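User: I would like to learn how to read the secondary structure and packing in this model. Can you take me through it step by step?

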Amino acid sequence: MAYEGVPGLVEAREAYGETTLVVDPARLEEACLHLRDEEGFNLLLDIVASDYLGWGEDGVAGYYGTAGGRNLNEPAAQGYSRSPEPKPKRFSLSYLLLRVADDSDRVRVQVWLDEGQGVATVIPVWPTADWYERECFDMMGIPFEGHPNLVRILMDEDWEGHPLRKDYPIGGEPVRFSEAE
Amino acid sequence: MATVERGALPGARPYAGSRIPRPVPTILKPDPTLEDVLTVNFGPNHPSTHGVLRLIVDLHGEHVVGVEAVIGYLHTGFEKTMEQKTWWKGVTYPARVDYVSFQYNELVYVLAVEKLLQLEVPRKATWMRMALGELVRIHSHLVYLGTSALEIGAISMFWYCFRERDLVLDLFEMVAGTRMHTRYFQVGGLAEDIPVGFYDEARRFCERMPKAVDEYEAILNTNKIWLERTVGVGPLSGEDAIALGQTGPNLRASGVDWDLRKRDPYLAYDQVEFDVPVYEGGDVFDRYKVRVDEMRESVRIIEQCIDRLEEMQGEPWIADDRKVVLPPREELHTSMESLIHHFKIVTEGFRVPEGEVYVGIESPRGESGCTLVSDGTAKPWRVKFRAPSFAALHATAACCHDVAVADLIAVVGSLDAVMGDVDR
Amino acid sequence: MALDESVDQSRVSKRPLAKAGMQSERLLWPTKQGVFEDEVESMEDALGLTTLEKAIAWSQTKSMWPATFGLACCAIEMMSIVSSRYDIARFGMEKFSSSPRQADLMIVSGRVAHKMAAPLRQVYDQMLEPKWVIAMGACASSGGMFNNYTILQGVDKIVPVDIHVPGCPPRPEALMEGIVRLHEKVMAGVPPAYQIRGVAS
């Protein structure tokens, strides 16, 4: 595989035509520098943080598909309850990278983090990471070490809580359907 | 410089000629030795900033020596709200993210769900999606041109552009019943068949549009005031643009030939002929030129789509897979399975296999993308929109070396950031 | 201002609004006497405007300058009423005044996030009386399709609203119907909302 030289590589997955490189969070900056300088991924598209609290708790009964397509002959697909595969840690942080060159390619670098665990900032590697990391901090509460300006970006500066976490309520108001309520 | 070659990349240290501010790439800080610096707040409610953007600007006389953008005034919580709705009901939300190129956001969401489902879409739907996507590209560029020209002072451009914009919206209304935020793209194809008379109306529009673009260029391209206000203002080099995550017209105006419709064709873009305008200057004028040329190219694409679509009359417009797509209403009277499928899809929603997928397409602002994480149930686990306007605003500070206040407005307008897209 | 002769005169309202020449769509549609006309007309009878007050009210509606408060998608449709097809200049309202001090009408077009609520109230407070507010679209009227932690469920929680215009986004014609109804309300003598509403005025 072309990505064997990435420092800190834990696993490389291919699904839906996309390559995902799972990397050790402690060596993230080395891995990103390697990808930018050796492999040529010069554009950071997005930093996606996902919270997997409660993953798989409502089992899915009945027809359930697989990554290779929906195969109704797959065992445990007909009428049985089945949970999706458990995730290693609570948060996943994915960096979507693009190579802007004639042989263009895309890759997703993924790290898995616990609650409160932080990761180094990649601003020295791609300056555009500034606001993306602030957004991940604001929405999910993932601290980025070395970020020069880690303040909330989308919510108010003094907002409490991290809205996109699964234990944060959706909020809003109950809808009144009649004047009597 | 055409494409950035491998090997010619920005190093870990700032490369020669980089104007990205340090240490914070998105904040330009005034020189501390400068006296007489006035801090002004371009508040969220301002006629010249596109939507609710707040800029905290440090001025030394008329020159901008510090700029910081504060966003979040339109944060709608799309991502969390979509986690509460099923995949099918969620189709109404992406349109409102980037509300100026609304069909493109629906398209990216629908393409991502179809990628997870590995669903095949009939070719009529593919070509119609292309045609409507290009129409919305024209719509987006018209709104951009009308509003940024208005902000710079060429007020009459607003009426010229919105005249054609109403024609585009008439076409949308004919097809989907509503002018904006049509939920016409569904998972599996289109919501309804293409109405009778659409092709003639679209052809009439395609004849009219290039003449309208000629009018815009006649008004602006050789206008001395426009040239003085936009040429050389707010330049962004190619390497800086890539380092700041720019895609789309902002990147093409900086000299990098990068268009996803050519590099990584989605839908049927490899079967239509069109050119991609690339300009070298990276200033406000070049970004304007890129968008105006793109309008012409979009008209070419729409004409080719209409030609192909007319051959496909009578073909299905949505996929046949009853586990995902609602069955046609006639069948509900006769077939028990159709009734059950309809019931399950409407009440519970169709289920999407477990997985994580990202789809990126070339929206009028850049690469618009949708990351979907599914856990196999009827509701998404995580939806994340890659917002090109978010990245475009990163470049505000880098473009604002040596600009005056009036040029700041021109720069922010030319980056074409839609605040719904930025704040999501 | 006579109505079209083909309209069955026996079914057209004889009440003051029609006589004053108001031409809102529902008046010209005889079978559709709406609640709006009933309420406004009953208020007009109760208030009993003098000629001078009627003249003042008439002039207030003739060039009510909107304040630029375009937030989201509805702002695009609000911009399109300025365009030549849905010309709002015929009402004298094409001057969208950026300075709230010179604006009469605030058309809140788009979803209001909690972060934006404070600037919105500040702009409203800076407007000089008499001032009116139109909540344009579903998000400004009630939070729309966004019932979550960040969107204000209806802008009438922080400013008193005169007219709510439904739609997502409302067509330009719908917004103009809202504006025309606001004009009719004002001409009938209905005071602006901050004098009526008990909450958030």
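**Reading the elements**

Analyst: Chain C has 8 helices and 4 strands. Helices (H or I, at least four residues) and strands (E, at least two) are DSSP runs, numbered from the N terminus. This is a predicted model: local features need pLDDT of at least 70, side-chain atom pairs count only at pLDDT 80 or more, and totals for chains, interfaces and linings use all residues. Residues are numbered from 1 along each chain as its sequence is written, chains are lettered from A and ligands numbered from 1 in the order in which they are written, and side-chain values use heavy atoms, with hydrogens and water left out.

User: In what order do the elements of chain C run from the N terminus on?

Analyst: The elements of chain C run α-α-α-β-α-β-α-β-α-β-α-α.

User: How do I read a sheet, and which strands of chain C are the edge strands?

Analyst: Strands of a sheet pair through backbone hydrogen bonds, either parallel or antiparallel. Two strands pair if DSSP finds at least two bridges between them. In chain C, an open sheet of 4 strands has the order E1-E2-E3-E4, and the pairing is parallel. Strand E1 (66-67) and strand E4 (163-165) of chain C are the edges, since each pairs on one side only. Take E2(C) (residues 105-109) and E3(C) (residues 132-136): 5 bridges join these parallel strands. Opposite Val108(C) stands Ala135(C) in E3(C).

User: What share of chain C is buried?

Analyst: Buried means under 20% relative accessible area, exposed over 50%, partly exposed in between (1.4 Å probe, protein chains only). Of the 201 residues in chain C, 54% are buried. Contacts tell another part of the story. Contact means heavy atoms within 4.5 Å. Among the contacts in chain C with a separation of 6 or more, 74% come from residues 24 or more positions apart.

User: Now chain B. Is strand E4 of chain B enclosed or open?

Analyst: Strand E4 (residues 63-70) of chain B has 6 of its 8 residues buried, so it is largely enclosed by the rest of the structure.

User: Which strands does E4(B) pair with?

Analyst: Strand E1 (residues 27-28) of chain B pairs with E4(B) in the antiparallel sense over 2 bridges. There, Ile27(B) has Glu68(B) as its bridge partner. Strand E3 (residues 54-60) of chain B also runs antiparallel to E4(B), joined by 7 bridges. Val57(B) is bridged to Val67(B) in E4(B). The hairpin of E3(B) and E4(B) has 2 residues between the strands, and Gly61(B) takes a positive phi near 70°. Strand E10 (residues 403-404) of chain B is antiparallel to E4(B), with 2 bridges. Val64(B) has Val403(B) as its partner in E10(B).

User: How do I read helix packing, and at what angle do H10(B) and H14(B) pack?

Analyst: Two packed helices are described by the angle between their axes and the distance between the axes. Axes are lines fitted to C-alpha atoms, for helices over the stretch in contact, and angles run from 0 to 180 degrees between N-to-C directions. Helix H10 (residues 284-311) and helix H14 (residues 405-414) of chain B pack at about 30°, with axes 9 Å apart. That makes H10(B) roughly parallel to H14(B) (angles under 35 degrees count as roughly parallel, over 145 as roughly antiparallel, 65 to 115 as roughly perpendicular and the rest as oblique).

User: Which residues meet there?

Analyst: From H10(B), Val284(B), Arg287(B) and Arg291(B) meet Ala410(B), Val411(B) and Ser414(B) of H14(B).
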